[in-house]
Amino acid sequence: EKAKAALAHLDGKAALQVVHDTLTVRALKAAGLLPGVLDALAAAGIEIGEVRLRENTLEDVFIQLTGRRLRE
């Protein structure tokens with residue numbers, strides 16, 4: 001929740017999800033948002049252990065649109 005508060009400025013630009021100790025940021029042109037995300041988290045005192053960047057798959061898009069997996 002501390003991470004979500006630190007990234008409140010992304011409201012409308014990105015979807016945030018926190019599961020356990022992992023923060024997922026989904027956004028168009030996420031690579032361009034990455035420096036600001038890292039700076040905001042560091043300013044909030046949140047230690048960053050690992051950063052991964054990947055493109056959405058067709059299944060990611062399907063889940064976002066329908067709320068379910070392809071095989072459900």
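Author: Start with the whole chain. Of its 72 residues, 11% count as buried. Buried means under 20% relative accessible area, exposed means over 50%, and partly exposed lies in between (1.4 Å probe, protein chains only). This is a predicted model, in which local features need pLDDT of at least 70, side-chain atom pairs count only at pLDDT 80 or more, and totals for chains, interfaces and linings use all residues. Residues are numbered from 1 along each chain as its sequence is written, and side-chain values use heavy atoms, with hydrogens and water left out.

The chain has three helices and two strands. Both kinds are DSSP runs, numbered from the N terminus: helices are H or I with at least four residues, strands are E with at least two. From the N terminus on, the order is α-β-β-α-α. Along the principal axes, the C-alpha atoms fill a box of roughly 40 × 25 × 20 Å.

Now the close look. Strand β1 covers 15-19 and strand β2 covers 22-26. Take Q17, which sits in strand β1. Q17 counts as partly exposed because its relative accessibility is 41%. Which residues does Q17 touch, leaving aside its neighbours within four places in sequence? They are K4, T22, L23 and T24. Contact here means heavy atoms within 4.5 Å.

Phi of H20 is near 55 degrees, a positive value in a residue other than glycine. Most residues other than glycine have a negative phi. Is H20 buried or exposed? H20 is exposed, because its relative accessible area is 77%.

The next loop, between β2 and α2 (30-43), holds K29. K29 is not a glycine either, yet its phi is positive, at about 55 degrees. K29 counts as exposed because its relative accessible area is 74%.

G45 lies in the loop between α2 and α3. G45 is exposed, since its relative accessible area is 58%. G45 and A8 are 37 residues apart in sequence, and their C-alpha atoms are 15 Å apart in space.

How many salt bridges does the structure hold? It holds one. The term means a side-chain nitrogen of Lys or Arg within 4 Å of a carboxyl oxygen of Asp or Glu. The pair is E50 with R52, and their closest N and O atoms are 2.8 Å apart. Both E50 and R52 are exposed. Side chains of opposite charge can pair when their charged atoms come close.

Back to the whole chain. Among contacts between residues at least 6 apart in sequence, 30% join residues at least 24 apart. How far can the model be trusted? The mean pLDDT is 87, and 97% of the residues reach 70 or more. That score is the predictor's confidence in each residue, from 0 to 100. Among the elements, α2 has the highest mean pLDDT, 93. Helix α3 (residues 58-66) has the lowest, 82.
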